[in-house]
Amino acid sequence: MNDHARNPSLASGAAESAAVPELDRAMDRYADGDDGAFSSVYALLYPRLRRFLLRLSGDATQADDLTQETLLRVHRARGSFLRGASALSWAFAIARNAYRDQLRSRARKGQHQPLIDPDDEGAGGGAHASPDAGADQWVMARETAALLRDAIAALPVAQREAFLLLRFEGMSVAEAAEVLGATEAAVKLRAFRAYETLRSVLAERAAEPRAER
Amino acid sequence: MTSQRFDDIPDPFGELAPAPPPPPAWPAAPARASVMRRRALAIAGILAYEVGFVAFVGLRPDLAALPVGALAIAVGGPLIAGILALRAALAVGPRRVGQASITAFATLMFGVGVFAGLSLFAAHGPDPEPSHALWTSVLGCSIKTTLLASVPVALSVVAYRRAFAANAPLRTAALAAACAALAAACMAVICPAGGPIHVALGHGSTLVVAAIVGLVLRRVTRA
């Protein structure tokens, strides 16, 4: 069995990597005024943006709204998309703006960032486990996933963004640095701090006596 | 350090994602050609305004008698600051999205430093004794420089509407500071005062004011 068959995320990651040049070409055509290219841009960007925004916001409904908002911004800003630019990095930078705008708006209204509902199927929640894997293992995986989601949501935004881009979006440090408008050293530091926090959460979880779980 | 290092943190969101809804029908947005036209018009408008302003106010009376080197420094200082500010605003990295905010900030501050340094150390005339007259002339020139910068700032912000995906606040501030630097260069051919305090404060302080205005206008240029 190859790596892709064992781990579906690797297979989808490989497919997404292959789609990046296609996305860049479609975005270039769209920026040049070819309205027909929007369906390709939309189809290629939507899943990536939605997943990034779900991980960033921790809420499926928010992620849906933010994805639409980001794609609207991509549409409005298409004329400013530089020839030869990375469409994915550009769209992620716009998604980050949309998320930060929403955070500011919520802060002004005194609303807090919601933590994700562990039963929300739209959020995944299984962390690669399925009921077939055994009931105990499945429950543990779901609990760990819920714990991690809460820990990610509790990270400072700058650390969360850097960590998510490096760990789950498959970006290099240089790519993430450009999306975040930070130096590579700053991105590494933020991501590493996030990693340390999450690792300590997992270590505490592993150290808990089995009876307490 | 790469993402390989983080592989022991599992993905708590899994891979489930709903199918994308059908693409919405949004109103048409300007394409590249339209944006480039808008920017070209803005540049033409800015140059026309600056030339018109200088013509309206009149050239400094001692312009013909001024040594070429002194004039070059007086005009070149702010122009160098403007070019560096423009670079801070528009430079992008290998993925053509943006650059690190610290790099943009350093470029902008280096330009301001060049302007301040040339104003202070290569002044082509002394300041009068600090007095009411000095501060009145500084205030008068800073108002003129602000007027000279206001239209370029407005036009450039409109021209770069929704253009900056990353670092919009700093890049908008740098864009506005570049406009103020152009205004300061124009002031060098209008204002006969060459004293360091007068030039640095009367002509140069507008860079700071414009940068603050740029920060306020960041939402216009952010994608």
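Which element gives the largest share of the lining of the second largest cavity? The notes below get there at point 5; a few ground rules come first.

1. **Ground rules.** This is a predicted model, where local features need pLDDT of at least 70 and side-chain atom pairs count only at pLDDT 80 or more, while totals for chains, interfaces and linings use all residues; side-chain values use heavy atoms, with hydrogens and water left out. Residues are numbered from 1 along each chain as its sequence is written, and chains are lettered from A and ligands numbered from 1 in the order in which they are written.

2. **The A/B interface.** On the chain B side, 50 residues are in contact with 70 residues of chain A (contact means heavy atoms within 4.5 Å). Together the two chains bury about 5,300 Å², with 61% of that on carbon and sulfur atoms; buried area here is the accessible area (1.4 Å probe) that two parts lose on being put together, summed over both. In chain B, the residues losing the most area to chain A are B:Phe13, B:Arg32 and B:Arg95, together 18% of what that side buries.

3. One to look at is A:Asp28 with B:Arg32, at 2.5 Å, N to O. A:Asp28 sits in helix α2 (residues 8–31) of chain A and B:Arg32 in helix α1 of chain B, so this pair joins two chains. Another salt bridge pairs the side chains of B:Asp11 and A:Arg55 at 2.3 Å, N to O.

4. **What chain B brings.** Both α1 (32–57) and α3 (101–121) of chain B supply at least two residues each of the side that touches chain A; helices are DSSP runs (H or I, at least four residues), numbered from the N terminus. That side of chain B divides into 30 nonpolar, 7 polar and 13 charged residues. For these classes, Ala, Val, Leu, Ile, Met, Phe, Trp, Tyr, Cys and Pro count as nonpolar, Asp, Glu, Lys and Arg as charged, and the others, Gly among them, as polar.

5. **The second largest cavity.** Back to the opening question: α6(A) gives the largest share of this lining, 4 residues. A cavity is a set of points on a 1 Å grid over the protein atoms alone where a 1.4 Å probe fits but cannot get out, and a pocket is an open set with protein on both sides within 12 Å along at least five of seven lines; lining residues have an atom within 4 Å of a point. Grid points are joined across faces, edges and corners, and a volume is the space filled by probe spheres set on the points. Of the 10 lining residues, those closest to the centre are A:Arg55, A:Gly58, A:Arg149, A:Ala153 and B:Phe13.

6. **The second largest pocket.** This one has a volume of about 370 Å³. Among its 18 lining residues, B:Ile43, B:Ile46, B:Leu86, B:Cys179 and B:Leu182 lie nearest the centre. By class, the lining has 15 nonpolar, 2 polar and 1 charged residues.

Key: Salt bridge = Lys/Arg side-chain N within 4 Å of Asp/Glu carboxyl O.
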